[in-house]
Amino acid sequence: FSLDYVFTGPLTTIFTNDVRAKYLQLFSFLWRLKRVERHLSSTWQRHVNSASALRQLPELDLVVRKCHILRNEMAHFVFNLQYYIMFEIEGAWTELVELLTSDRTHLDLDAIYGAHEAYIDRILERVLLDGSAEELLSLITQIFALISKFRTTQDVFYDSAMGEVARRAAAEARAYERVLAGEWGTTDKESDASASSYYQLTPQARAQHVVVDRRFRIAEREQ
């Protein structure tokens with residue numbers, strides 16, 4: 001998703017195709033940043049909504065706690081990056097306004113065009129989009145991808161965990177009915193299925209967390 005504008009004369013004199021391409025580059029980066037923020041917000045919401053049910057799976061406490069810590073560290077990175085970018089954009093905007101209002105007697109179309117182009121170039125430089133910090137921008141892009149992967153793995157984890165909670169609740173209900181009927185509450189087959197489900201869920205969740213966590217910390221240290 002990206003944001004673009006359609007200009008007609010005389011605004012096309014200021015907002016040329018080259019200038020619009022620079023705005024599109026900036027908007028694309030900001031939308032990606034907003035997207036990963038949304039991913040983390042969605043993951044946090046799942047944490048909150050599932051907290052009560054997951055108490056029935058104490059075996060997953062360590063995994064859940066580590067996921068909480070990683071999500072908080074990712075959110076800290078994203079929020080700080082957002083603050084930095086917004087600070088630089090607002091600063092560049094203030095500089096542009098001061099330039100255009102300080103001496104209007106010498107303000108012609110060429111001066112306005114030059115000031116505006118310098119404004120957008122200044123923003124791209126300060127938010128690392130001008131090509132002067134490609135390695136750092138590549139690391140940020142990698143972190144964005146890791147956050148998206150983290151969101152995906154968390155969705156799979158919570159779907160599996162909530163499915164296990166529902167399965168155990170159904171098994172308990174069936175066992176209670178059998179006890180009332182004078183039968184054994186749980187069969188050997190059901191016990192084996194329960195163990196199999198648990199041993200599949202926990203190692204996968206831990207492995208996925210370890211991979212994302214290590215890659216995130218490596219990318220963060222290299223900045």
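Select Glu37 and Lys34: they sit three residues apart in helix 1, so about one helical turn separates them. (Helices are DSSP runs of H or I with at least four residues, numbered from the N terminus.) The two form a salt bridge, with their closest N and O atoms 2.9 Å apart; the term means a side-chain nitrogen of Lys or Arg within 4 Å of a carboxyl oxygen of Asp or Glu. By this rule the count comes to nine salt bridges. Lys34 is partly exposed, at 45% relative accessible area; buried means under 20%, exposed over 50%, and partly exposed in between (1.4 Å probe, protein chains only).

A word about what you are viewing: this is a predicted model, where local features need pLDDT of at least 70, side-chain atom pairs count only at pLDDT 80 or more, and totals for chains, interfaces and linings use all residues. Residues are numbered from 1 along each chain as its sequence is written, and side-chain values use heavy atoms, leaving out hydrogens and water.

Next, pick Arg126 and Glu95, whose salt bridge has its closest N and O atoms 3.2 Å apart. Arg126 belongs to helix 3 and Glu95 to helix 2, so the pair ties together parts that are 31 residues apart in sequence.

Now move to helix 4 and select Asp155 and Arg151, four residues apart, about one turn of the helix. Their side chains meet in a salt bridge (2.9 Å, N to O).

Last stop: is Leu128 buried or exposed? At 17% relative accessibility, Leu128 counts as buried.

Methods
Helices (H or I, at least four residues) and strands (E, at least two) are DSSP runs, numbered from the N terminus.
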